[in-house]
Amino acid sequence: MRYFIRFSAVLLLAAVAAAQENKLKVYIAADMEGIGGVSTWEVQADARGREYEKFRQLMTQEVNAAVAGAFDAGASEVLVSDSHGDAQNIDVEALDKRARLVRAWPRPLLMMQGIDSTFGAAVLIGYYASQGQFPAILAHNLNSQRLMAVKFNGNSMPDAGLAAAIAGDFGVPVVLVSGDQTFGEEMKRLLGPIETVTVKQAIGFYAATMMHPEAAQHEIREGVKRALQRRGEIKPFRLTHPVKLEVTFKQTVNAEVVSYLPGVERLTGDTIAFTGRDMSEVSRFLSAIMFVSAF
């Protein structure tokens, strides 16, 4: 009997381990500039805009499509991060009940708060190209009012690249992004053969040819399912450590004040550099310099 009990315990532990290995946790970060139908901050993507309430619902629906696609692919858990504006855009009542939600700022890992090595994949919904890309809807870097450029280890990077690098430090690959066509192409150059969903064709900085929201949501659901099924083919995006961050401010005085901090080098009048051990440390630094004057 004693041996039977031991054998049963071993089987139970093996079953628990197998169940844990089969769990698929999916992280979904959501922004708004790349949501289908969005053209301008003033009308759709700003809380004061005349169409904002409609488009926060469309943002929620695109996120729900991604959540549904994740569960279609066998996800056991989904964590969503609201990462636009004040990070309080997704309708918590309309969000898919199977998902949990991170919202509001500040937070140390910025748009990827809550991610860790237990996640199997990450998805970026509603993102946008980096400053200077064209044609690209509302292309910018992190804070369009304060920052001109952000570089990591000497290379310019879209905000979605920052998200991918944070995820990559935990061994988590970004498997799908959605937004306009220029953003999708930029991310494929950066991350390799990931899945992309083009929900609008950018004509310029504001103008785009749009598809119906239901069509965009269908494409996102199918794309997420497809991306998760081939997640083993996609490698995490890892930057070399330590990570050197360079930030160019729109106002020279902001660079001056940040340069007072220990460990910060002032490269030019409007550009500073900071070197962190890893992406978590760099993300904390970025969060501090972006949000310290917002509260």
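1. Where is leucine 138 found? In this predicted model, leucine 138 is found in the loop between strands S4 and S5, and this residue has a positive phi of about 55 degrees although it is not a glycine. Most residues other than glycine have a negative phi, which is the reason for listing leucine 138 here as a point to look at in the backbone.

2. The loop between S4 (121-125) and S5 (147-152) also holds proline 135, and the peptide bond that joins phenylalanine 134 to proline 135 is cis, with omega at about -15 degrees. A cis bond also joins histidine 241 and proline 242, where omega is near -5 degrees; proline 242 lies in the loop that runs between helix H6 and strand S10 (243-249). Most peptide bonds are trans.

3. Turning to helix packing, the axes of H3 (residues 52-72) and H6 (residues 213-229) come within 7 Å and cross at roughly 30 degrees. Because angles under 35 degrees count as roughly parallel, H3 and H6 are described as roughly parallel to each other, and their crossing is right-handed. On the H3 side the contact is made by Leu58, Gln61, Glu62, Ala65, Ala66, Ala68, Gly69, Ala70 and Asp72, which meet Pro213, Ala216, Gln217, Ile220, Arg221, Val224, Lys225 and Leu228 of H6. By class, the residues of this contact divide into ten nonpolar, three polar and four charged.

4. The largest pocket has a volume of about 960 Å³. Of the 32 residues that line this pocket, His84, Gly85, Asp86, Leu142 and Asn143 are the closest to its centre. Helix H2 (41-45) and helix H8 (279-291) each supply at least two residues of the lining, and the largest share, three residues, comes from H2.

5. How do the residues of the lining of the largest pocket divide by class? The lining has 14 nonpolar, ten polar and eight charged residues.

Notes. Residues numbered from 1 in each chain as written. Predicted model: local features only at pLDDT ≥ 70, side-chain atom pairs only at ≥ 80, totals over all residues. Heavy atoms only, no water. Axes fitted to C-alpha atoms, helices over the stretch in contact; angles between N-to-C directions. Helix = DSSP H or I, 4+ residues; strand = E, 2+ residues; numbered from the N terminus. Parallel < 35°, antiparallel > 145°, perpendicular 65-115°, else oblique. Left-handed = near helix turned anticlockwise from the far one by under 90°. Contact = heavy atoms within 4.5 Å. Nonpolar A, V, L, I, M, F, W, Y, C, P; charged D, E, K, R; others polar. 1 Å grid on protein atoms, 1.4 Å probe; cavity = no way out; pocket = protein on both sides within 12 Å on 5 of 7 lines; lining within 4 Å. Points joined across faces, edges and corners; volume = space filled by probe spheres on them.
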